[in-house]
Amino acid sequence: MGRSSPSWNLICLKFELNNFLAGPPVPATLVTLDLRPIQISTNVPIFAPILDRIPMCPDNASSAKPLELVTQFQTDAVPFVAKAEVPSRFGKFTVYGFLEKATGKEHMAIVAGEIDARKRIPVRIHSECWTGDVLGSLKCDCRDQLEMALHHIAEHGGIVLYLRQEGRGIGLLNKLKAYALQERGMDTVEANQALGFADDLRSYTSAIEMLRFFGIRKVRLLTNNPKKIAALEDAGIEVHREAHQQASNPHNLRYLKTKAKKSGHLLNFREEEL
Ligand SMILES: [Zn+2]
């Protein structure tokens, strides 16, 4: 084992973490992390059991290339289950499926291009909206936002995390009940509260676990929602926000204004909309 100094070693490692962890084999994901140099005495738990199984650079450690770690960070709470290529009208994607064990929800990571975790990755966190995503409902801006994000990652690379938390977490049937109340004059927040729900029940814990799976620590987050930014930052992910707003329509203008006024969304309205 070569040493570049008494206390540091540059170790060249290229391996699949699945080889070292229990559980069924999972197709490899290539993720590159900038982890150089690694102190050989590090107590980082994930490395400890495997260090003795990693080939070391013999004589030229000081001139070693940046470490490349081929890995997947699996968690028990939201394990990766399967992936497949999905050509789409937006471009070619690889869809990674995850299972949120506590709820049975099946979340998807829609990936375009190669994920190099040393770089800042464009990310959109999208919560399922059946009426918008499937029907093209004009009552919200969800489908516009989803399509804008898919176009964006198809062009620039990145990830759209598609989270199965319909209706800001209250479910589709309750969302229809809330819509019925909105037809009687309530806004989106008042309707949720009238049904006994908080304004927003969404959680981004699974999204964070999915980002960790890819080793992502820096994101360019396509969002208008400060709660998403805070959730990721609280988890130690470095966030640069990119505004993600579309033109409104007569059906969703009140909804968008309510999101801005009551939920703090970072939206700008044209003068004629105010
Ligand atoms: Zn929607």
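**Residues, strands and helices**

Visitor: Let's start with Arg 168: buried or exposed?
Guide: Count the C-beta neighbours of Arg 168 inside 10 Å and you get 22. The cut-offs, with C-beta atoms placed from the backbone, are 20 or more other C-beta atoms within 10 Å for buried, 12 or fewer for exposed, and partly exposed in between. With that count, Arg 168 comes out as buried.

Visitor: Before we go on, what kind of model is this?
Guide: Residue numbers start from 1 along each chain and follow the sequence as written. Local features need pLDDT of at least 70, side-chain atom pairs count only at pLDDT 80 or more, and totals for chains, interfaces and linings use all residues, the model being predicted.

Visitor: Back to Arg 168, then. What is its phi?
Guide: Arg 168 sits in the loop between S5 and helix H3 (172-183); helices (H or I, at least four residues) and strands (E, at least two) are DSSP runs numbered from the N terminus. Most residues other than glycine have a negative phi. Arg 168 isn't a glycine, yet its phi is positive, near 50°.

Visitor: Now the sheet. In what order do the seven strands lie?
Guide: The chain has seven helices and seven strands. Two strands pair if DSSP finds at least two bridges between them. The sheet is open and its pairing mixed, with the order S1-S2-S3-S5-S4-S6-S7.

Visitor: Which strands stand at the edges?
Guide: Look for strands with a single partner, because one side of each is then left without a neighbour in the sheet. That picks out strand S1 (80-87) and strand S7 (238-242).

Visitor: How many residues of S4 are buried?
Guide: Ile 121, Val 123, Ile 125 and Ser 127 point one way from S4, while Pro 122, Arg 124 and His 126 point the other way. Both sets are buried. So S4 is mostly covered, and the count is seven of seven.

Visitor: S4 has partners, I take it. How many bridges join S4 to S5?
Guide: On the S6 side, S4 (residues 121-127) and S6 (residues 218-222) pair in the parallel sense over three bridges, with Val 123 opposite Leu 221 and Pro 122 partnered with Arg 220. S4 and S5 also run parallel, and Ser 127 stands opposite Leu 163 there. The number of bridges joining S4 to S5 is five.

Visitor: What about the hydrophobic side of things? Which residues touch the most other members of the largest nonpolar core?
Guide: A nonpolar core here is a set of buried Ala, Val, Leu, Ile, Met, Phe, Trp, Tyr and Cys residues joined through C-beta atoms within 7 Å. The largest one has 35 residues, with at least two each from S2, S3, S4, H2, S5, H5 and S6. The members touching the most others are Ala 109, Ile 159 and Leu 161.

Visitor: Last one, H5. How many of its nine residues are buried?
Guide: Its buried residues are Ser 206, Ala 207, Ile 208, Glu 209, Met 210, Leu 211 and Phe 213. The cover over them includes S1, S2, S3, S4, S5 and helix H6 (226-234). H5 is mostly covered, and the buried count is seven.

Terms used. Two residues are in contact if their C-beta atoms, placed from the backbone, lie within 7 Å.
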